Amino acid sequence: MRLYRWIRDRVSHKLSHLKIESIKRTLRENGLALVVIIVGWEIIEDVLFPALFALLGKYVHPAFFAGIPVAWVVCLHWLMVPVLWGIWIKIKGTNEKIEHNCDHH
């Protein structure tokens, strides 16, 4: 039962970043670039990673199919959003900082 609750909480947490209120708040506080980074990363996590695992499962080894649900449950945006933001700031040439409190590490 605890595993089910943990999975439900992780999926709920991932989806909370795509709620319109969350997107509007991020846009207002940090601008369009951060919204694009957050939404883009969620698309990578929830669409591209599972598709990659499906292809690897079909053409390399069936064990890779296990990665499909893992990609939907494991949340890496707490790491990747600041990394991608840092890359964007380096490209842009400014010294902006963001506050991304995600209660999940």
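Me: What percentage of the 105 residues in the protein do buried residues make up?

Reply: In this predicted model, buried residues account for 26% of the 105 residues in the protein. The protein exposes about 7,400 Å², and carbon and sulfur atoms supply 68% of that area.

Me: How many helices and strands does the protein have?

Reply: There are 5 helices and 0 strands, which gives the pattern α-α-α-α-α along the sequence.

Me: Where in the protein is confidence lowest, and where is it highest?

Reply: Where pLDDT is low, the predicted coordinates should not be read in detail. Here the mean pLDDT of the protein is 84, and 90% of its residues reach 70 or more. Confidence is lowest in helix α1 (residues 2-16), with a mean of 78, and highest in α3, with a mean of 92.

Me: At what angle do the axes of helix α2 and α3 cross?

Reply: Two packed helices are described by the angle between their axes and the distance between the axes. The axes of helix α2 (residues 20-30) and α3 cross at roughly 140° and come within 7 Å. The two helices are therefore oblique to each other.

Me: Which residues in α2 meet residues in α3?

Reply: From α2, the residues are Ile23, Thr26, Leu27 and Asn30; they meet Leu32, Leu34, Val35, Ile38 and Val39 in α3.

Me: Which residues form the largest nonpolar core?

Reply: This core has 6 residues, namely Leu34, Ile37, Ile38, Val81, Trp85 and Ile89. The elements that contribute two or more residues to this core are α3 (32-59) and α5 (77-92). Leu34 and Ile38 belong to the core and are also among the α3 residues that meet α2.

Key: Residues are numbered from 1 along each chain as its sequence is written. This is a predicted model: local features need pLDDT of at least 70, side-chain atom pairs count only at pLDDT 80 or more; totals for chains, interfaces and linings use all residues. Side-chain values use heavy atoms; hydrogens and water are left out. A nonpolar core is a set of buried Ala, Val, Leu, Ile, Met, Phe, Trp, Tyr and Cys residues joined through side-chain atoms within 4.5 Å. Buried means under 20% relative accessible area, exposed over 50%, partly exposed in between (1.4 Å probe, protein chains only). Helices (H or I, at least four residues) and strands (E, at least two) are DSSP runs, numbered from the N terminus. pLDDT is the predictor's confidence in each residue, from 0 to 100. Accessible areas come from the Shrake-Rupley method with a 1.4 Å probe; for residues, only the protein chains shown count as cover. Axes are lines fitted to C-alpha atoms, for helices over the stretch in contact, and angles run from 0 to 180 degrees between N-to-C directions. Angles under 35 degrees count as roughly parallel, over 145 as roughly antiparallel, 65 to 115 as roughly perpendicular and the rest as oblique. Contact means heavy atoms within 4.5 Å.
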